[in-house]
Amino acid sequence: MLQLPLVVTAQVDLVLVLVSLLGLWTRLSHLSYPNAVVFDEVYYGPFVSLYMKRVFFIDDSGPPLGHMILALGAYLGGFDGNFVWNRIGAEYPCSVNVWSLRLLPALCGALCVPLAYLLTLELKFSHLSALGAALLLLLENSLIVQSRFMLLESVLIFFVLLAFFSYLRFHNAPSSSWLRYSWLLLCGASCGAAIGVKYMGVFSYLLLLGVASLHTWNMIGDRTVSHLSVCVQCVCRFVCLLVVPVLLYVFWFYVHLGILNRSGPHDQFMSSAFQAGLQGGLSRITQGQPLEVAFGSQVTLRSSTSQTIPCWLHSHKANYPIRYENGRGSSHQQQVTCYPFKDINNWWIVKNPGRQELVVGSPPQTVRHGDIIQLVHGMTSRYLNSHDVAAPMSPHHQEVSGYLDFNVSMAAQNLWRVDITNREAESEVWKTIQSEVQLVHVNTSAVLKLSGMSLPDWGFHQLEVVAEKLFKARSLGWTVEEHRYGTSQEQEEREVELHSPTHIDVDRKISFWAKLLELQWKMLTVKQDDSEHKYSSSPSEWITMETNIAYWLHSSSNAQIHLIGNPVSWGVAILSLLAYQLLAAVYLLRRRRGFKDLPDGVWSQFVCLGCVCVGGWLVNFVPFLLMEKTLFLYHYLPALCYLYLLGPALLEHTHTHLLSSVTHRRALVVCASAVLFSAFLSYRTFCPLTYGSPELSANQLQRLKWKTTWDILYRRR
Amino acid sequence: MATQDRLTQWNSTGETASLRNRKNFSSSEKTVVSEDKNCPPVAGHLTEDDTQSSNGTLAQSEARERVSNRESVAESPSAAVLLMLVVGLSFSTRLYKITEPPHVCWDETHFGKMGSYYINRTFFFDVHPPLGKMLIGLAGYMTGYDGTFPFVKPGDKYEHHSYAGMRGFCAVLGSFLPIFAYLIVRDLSQSHIAALITAALLIFDTGCITISQYILLDPILMFFIMAAVLSMVKFNQLAHRPFTASWWLWLLLTGTNLAGAFGVKFVGLFVILLAGLNTVFDLWRLLGDLSLSLVDIVKHFLARVVGLILLPLFLYVTIFAVHFVVLNKSGQGDGFFSSAFQSRLIGNNLHNASMPEYLSYGSTITVKNLRIAGGYLHSHWHLYPEGVGARQQQVTAYLHKDYNNLWRVHRPADNESQSGTPDLVRHGDIIRLEHKETTRNLHSHLHEAPLTKKHFQVTGYGTNATGDRNDLWQVEVCGGRKGDLVKVLRSKVRFLHRVTGCVLYSSGKTLPKWGWEQGEVTCSPYLKETPSSQWNIEDHINPKLPNISLSVLKPHFLEILLESHIVMIRGNSGLKPKDNEMNSKPWHWPMNYQGLRFSGVNETEYRVYLLGNPVIWWMNLASLGLYLLMVTVASIALQRGFSLDQKRMEHSHVLMKGGGLLLLGWLLHYAPFYAMGRVLYYHHYFPAMLFSSMLTGITFDILLKSTELLLRPPYSDWLQRTGLIVLLFTFLYSFYLFHPLSYGMTGPLAHEPGSAMAGLKWMDSWEF
């Protein structure tokens, strides 16, 4: 029987609702102003456009989830990818929905505020401390600025806070309830997301793992729990905290590769096999090529992908100089190089040494592992040759040349053995794109390879190709990229044939895992030249905020947006860090000597606070000291958030456990409120630089320059 | 024995059993038999409280018990025999064929040369601190080497020069490594078997032999590292008898060896870290010992400050003082150091220099950047290549003294050659700097600089005094006012480009091949005063002006010390891998992926190849995994409170304490290489390899002893003994197989039949 009346009781924490609303308001109001490209939007924007066009790209700055979140915002706003993100300050046309582009990072930034509130509660501090932490986060100008544009820090911070919150929720829940594992699952998922947004997330993840394994270790030591229960719990934690994040991380790549299926500007970084999986580009050329290389095949040979620049084996009508600059002699035969561009001179013909013909017989006689071949250069008909002559730039290797007979008793040594290195994985038959081939010189058993040097003027700065006797690395081989069966016997016909594009038909794919590994490896190894930036800074400057970053300046007025933190809260953060360390040191030493100042419960609460907040600050700050890349102030923001959680909690700890007299406590409360109020005032003061409006006069700007090292822009009138 | 019995009576019954067991193990492993049967395994009487409390009386009795045990381990007669065996084998393997090959091998070309420098008292620059090279020089000096061999390049024949002394010295230090390892492991594990396995691993490792046999820093470095660890372990064991003579001795020895390790190479920092962490733990333990008063703890603390901080620091500074006193002649390393530093060196043109005091027009000068290791303003007859700014003559920063560093100071307009006293240059004057050799003017313009794209390019332009407005520079004395004179050597000068307003700047980046890998010089639009944009006038030649003496420059010792460290650190981080050089990666090392060619490439040459004995190295690698597994199992068992018998408890204790220390040592000597940007070589792994081998000894020992869990006593003993014999025989046989790597081979390469190494090229990456 239904019981009447039907009652729903709901408890709503009005403070939580209030801070959430305030968070939304500070982060979301006037989101589409300025209607121009701001700072790193110029960096992320092109990737968003490429997502919209489904064009493949590589970005070494981070895993794809962050970019995909930005792209999702763009997609929801109906962005078509047709905008050129060429410079900071460029106006968006009205067809671009700026609001939706910036919406998701702003939402994440806004949600960080209630998360800070909840996280403080889970650290077992009071609602007042939680409110303090939330307010500090709320009034932090730099977080606001970083949230309001198409940037990824706010998303990262959101996921990291979420991970810690859900983990602590799990840890604090009574061990009898099975519902708490859903919190652990959420924790694993947000860890996966945090790592997916930026590699920096790894450090917070490791910290969380550390805390979790400590808790697990204690659980193992708890003899009241049965062996079975311990095993089950360990497995659950393992799955949620290790397996789930890894799977999710892979999943981001799966989606990424699923979306980006067209060829684009970054194709050349990838292997031929990878490129063949993209629509357009190489697959358009190679589509329908014969698969198996046969005697008489016309091929281009691409040096293996482990080199940074891809290039193709090349020769041209120019000889090695008789004498090099340093006086050494050469064979003066035709140059053989590696050339990083597509060219008609990249074509070679695979010839059977026993036959004269340069055409494919019928049926085609395929080339297999171990076969001896000659390689004939398509345009000049020279044979690929090597001999005991020192190579031009690396004299400890053999020179490789297109053979010319000067009648100087230098016989041709132009036989090469085909050595397919990945024959276990692929096949014994030399296949286009799939097979990696080493060409071993028959007379000297030297191996054809790139030396890594480029030739001087006489070699047109192309890359040097040599034959090396003691060959070390296995991976450096050559792959056939373009391929067709030669049909023309005469040289003129053949030249015409070489000029014509290749078209015949086959379809091939490499597995997702191979793609994932290759892409991830490329992302970690592709190096951008470290560019000095006007606003780059070193980690030691961040702690005291010696630096700022100008994000945007109005094209005609003084209105501008800067990444400047709230100096008051910044000071609170660093003070609380110092205070915690001091307090912890005193407590530890005294405990060691047998003075228990705090009851065990309070002590473990204090330790937990330190692990999460001070630990979080450390893992998000110290790695930067060791990094050599260009760093900016915004890299400090995740670390800063932890300190904002620390401050109020520490204050509460002082209030309840250190101060005994009522007057002291009152004084502390007054001080705290005063600090909070001044944080609010300084937030108000810096608002014009945070939101870019209202425009300030040069004098007012001058007055905002609280530190001489800040770089605030004045427009000359 | 009597003391031991008395001690035994003090202890509880459980511990009695344990003592007896241990005595059996330790006293002679040849007669490991018998009494075990008599002692039934004592199960689970140790509660959690017992295991966790390390305070107070229990700890003391425990410690005392361990000491008595240790003494019994050390004193038994077979111990002495074993030790003698280790010593004999170790010295004989290291000193065998020490003079072969009679030519310069690998880095001997550097360190031998530097040894010669000490004998000749010539100043040089090296990225490592001086102790190692000083010892090499000393060894050479004592054994009759006269410092005349030039050590030009690897492969040069020594001929009549006496080099065996220097090699022998390194080999003797290298011979101590297995002995130290033996003692360390014996003390940590109280087991001869573990110690024996460790010593055998190191004695029969071809890599350790090879690296000990040549004039290198590594044997010296490793000697100090191992000596430091050994004294630290000994010191730890005396924890129950603080402030006794032997306690002080080991403490001070630890400090001395730490200073020695750091004085040979900066890698010594890692062993300092190890000792530091160990000391912190130790102090923490003392702090928790409530039977000690605060005064005692402060005494402990101060003793360690003296022994482990002040003493090493003092020794280290002394080493440098000796270094500077010995090397008092000018050499080829001068240019790396500041003008003030150079004025100390006999033969340097700044030594007791006298030159005109104030910069004047018509003088010939060299201009040195103020950044440490900043280099001289330099130009030469080569142009910037196409695509790098304007195709004009290169201007670079060059560290060595060279006639191309000479510049002439001129007025903007005329190329004056009037007689009479030349005018002096003043703050704010506009000048033109003409390169003496090529007569080009120092020039800048609005093209981007080759490497620092935000700066402007600096070139040499014009001939014979004809140039354009872009050749004009304004002289600015830092902190000076208009009209101030420019003091040679002492004034910091900046050169502001007249037309673009930028300032002459040395970026510290190295130009590629086309610029001969010299430093980049740019014109920076950012006018901040940094050492990079400040220069001083070093040489100043003007026959028309009176010279004054400049002995005021002599720097203070601490200044020299600081400067030479900054130069060394710069030099170290400047050792970047070149593009085409095969760079060794840290993950290659533990798996013995690739060695180093010490000597010889071709079939006819005498070839020595630095490569660890693969059997031993792979066993080390495997035992790392095994150790982690065993320690995990043991600690989970303890944490879950499973009842373990006394012996298992002890084994877990050795695994966690001793093994933990060694694992930490391995990590500290290995992991940091992953973060290093400089070029890395295979031989950097050797200190870590020592720790790894010691860990292997302990791991295998305990693994063998754990066979008792599977089999009943007599069989388990047999199994243990067979295991040990098989292990030792494996080491010996693999050494027999691979010994040509260290003692040299000639004849065909390994991939051809008939070679000494035929069939032994197990990995394609080995190059022998």
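Which residues does L143(A) touch, not counting residues up to four places away in sequence? The answer is R27(A), L137(A), I157(A), L637(A) and C641(A). This is a predicted model.

**Chain A overall**
- Chain A has 717 residues, and 55% of them count as buried.
- Its secondary structure comes to 20 helices and 14 strands.
- Along the principal axes, the C-alpha atoms of chain A fill a box of roughly 105 × 80 × 65 Å.
- Take the contacts in chain A between residues at least 6 apart in sequence: 74% of these join residues at least 24 apart.

**Surface and charge of chain A**
- Chain A exposes about 31,800 Å².
- The chain carries 53 positive and 49 negative side chains.
- The centres of these two sets of charges lie 10 Å apart.

**L143(A)**
- L143(A) sits in helix α6 of chain A, which spans residues 141–147.
- The relative accessible area of L143(A) is 7%, so this residue counts as buried, the cut-off being under 20%.
- L143(A) and C641(A) are 498 residues apart along the chain, yet their C-alpha atoms are separated by 8.9 Å.

**L561(B)**
- L561(B) has its place in helix α16 of chain B, residues 557–574.
- L561(B) is buried because its relative accessible area is 11%, and the limit for buried is under 20%.
- Leaving aside neighbours within four places in sequence, L561(B) is in contact with V317(B), F320(B) and F324(B).
- W381(B) is 180 residues from L561(B) in sequence, and the two are 37 Å apart in space, C-alpha to C-alpha.

**Cavities**
- The count comes to 12 cavities of 30 Å³ or more.
- The largest cavity holds about 120 Å³ of space.
- Its lining is made up of 15 residues.
- Nearest the centre of the largest cavity lie F124(B), D126(B), H128(B), H323(B) and M568(B).
- Helices α14 (294–326) and α16 of chain B each supply at least two residues of this lining.
- Helix α16 is also the place of L561(B).

Key
Residues are numbered from 1 along each chain as its sequence is written. Chains are lettered from A and ligands numbered from 1 in the order in which they are written. This is a predicted model: local features need pLDDT of at least 70, side-chain atom pairs count only at pLDDT 80 or more; totals for chains, interfaces and linings use all residues. Side-chain values use heavy atoms; hydrogens and water are left out. Helices (H or I, at least four residues) and strands (E, at least two) are DSSP runs, numbered from the N terminus. Buried means under 20% relative accessible area, exposed over 50%, partly exposed in between (1.4 Å probe, protein chains only). Contact means heavy atoms within 4.5 Å. Accessible areas come from the Shrake-Rupley method with a 1.4 Å probe; for residues, only the protein chains shown count as cover. Lys and Arg count as positive and Asp and Glu as negative; His and the chain ends are not counted. The place of a charge is taken as NZ of Lys, CZ of Arg, CG of Asp or CD of Glu. On a 1 Å grid over the protein atoms alone, a cavity is a set of points where a 1.4 Å probe fits but cannot get out, and a pocket is an open set with protein on both sides within 12 Å along at least five of seven lines; lining residues have an atom within 4 Å of a point. Grid points are joined across faces, edges and corners, and a volume is the space filled by probe spheres set on the points.
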